[in-house]
Amino acid sequence: MVIFTRMLTRFDIERRLTIPRYYDGAFPAVQESQAVDLKVKDEMGHVWTFGCSHESAISPRLVFGSGWLHFARSKHLHVGDNIIFHRVIDQDSTAAPYKIEVSKNHNNSQ
């Protein structure tokens, strides 16, 4: 089940990925001052761990911090590339209940 699709911005690939506010409910509950590790499988079957936390006390949007930048660099993501984030619903999803796909923007000059 697709949770969200997002075109990446400079902030997303250099700092952290901000989750669109209306998709917060698709992720585990996160306490204000804590982070939750999410296991995410890519198209190649590699499992990544993204730290999911609140952006700040003022703006309680969820963000992927730790692990996300390593993923973005490993996948050579650029501004304008797209990600598709899925919730995996099957008996084999216990190791990684989420899946991420990358769609490269081939018009990128970067």
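Let me begin with Thr18, which lies in strand β2. The structure before us is a predicted model, and all the values I quote are computed from it. Thr18 is buried, because its relative accessible area is 7% and the cut-off for burial is under 20%. Leaving aside neighbours within four places in sequence, Thr18 is in contact with Arg6, Phe11, Asp12, Glu55, Arg61, Leu62 and Val63.

In what order do the seven strands form the open sheet? The order is β1-β6-β7-β3-β4-β5-β2, and the pairing is mixed. The edge strands are β1, residues 2-7, and β2, residues 17-18; each of them pairs on one side only. As a reminder, strands of a sheet pair through backbone hydrogen bonds, in either the parallel or the antiparallel sense. Strand β3, residues 35-41, and strand β4, residues 47-54, pair in the antiparallel sense over seven bridges. Within that pairing, Asp37 stands opposite Gly51 of β4.

I turn now to the nonpolar core. The largest such core has 24 residues, and those with the most contacts inside it are Phe27, Phe50, Phe64, Trp68, Phe85 and Ile100. Two or more residues each are given to this core by β1, β3, β4, β5 (62-64), α2 (68-74), β6 (82-87) and β7 (98-103). Which element provides the largest share of this core? Helix α2 does, with four residues. As for Phe50, its contacts beyond four places in sequence include Val36, Leu38, Val40, Phe64, Trp68, Phe71, Phe85 and Ile100.

The aromatic residues deserve a separate remark. A search of the whole structure finds eight aromatic pairs. One of them, Trp48 with Phe71, is edge-to-face, with 5.1 Å from centre to centre and 90° between the planes. Trp48 lies in strand β4 and Phe71 in helix α2, so this pair ties together parts that are 23 residues apart in sequence. Both Trp48 and Phe71 are buried. They also belong to one aromatic cluster, formed by Phe4, Trp48, Phe50, Phe64, Trp68, Phe71, Phe85 and Tyr98.

Finally, I would like to set two histidines side by side. His86 is found in strand β6, whereas His76 has its place in the loop between α2 and β6. Is His86 buried or exposed? At 13% relative accessibility, His86 counts as buried, because the cut-off is under 20%. His76, by contrast, is exposed, because its relative accessible area of 54% is over 50%.

The surroundings of each can be listed briefly. The side chains of His86 and Glu101 are joined by a polar contact of 2.5 Å. Beyond four places in sequence, His86 is in contact with Met1, Val2, Ile3, Pro97, Tyr98, Lys99 and Glu101. His76 touches Asp81 and Lys104, again not counting residues up to four places away in sequence. On the backbone, most residues other than glycine have a negative phi. His76, although not a glycine, has a positive phi of about 55°.

Note on methods. Residues numbered from 1 in each chain as written. Predicted model: local features only at pLDDT ≥ 70, side-chain atom pairs only at ≥ 80, totals over all residues. Heavy atoms only, no water. Pairing = 2+ DSSP bridges. Core = buried A, V, L, I, M, F, W, Y, C linked by side-chain atoms within 4.5 Å. Buried < 20%, exposed > 50% of the residue type's maximum accessible area, 1.4 Å probe, protein only. Contact = heavy atoms within 4.5 Å. Polar contact = N/O pair within 3.5 Å; in protein donor to acceptor, adjacent residues only side chain to side chain. Phe/Tyr/Trp six-rings, centres within 6.5 Å; stacked < 30°, edge-to-face > 60°.
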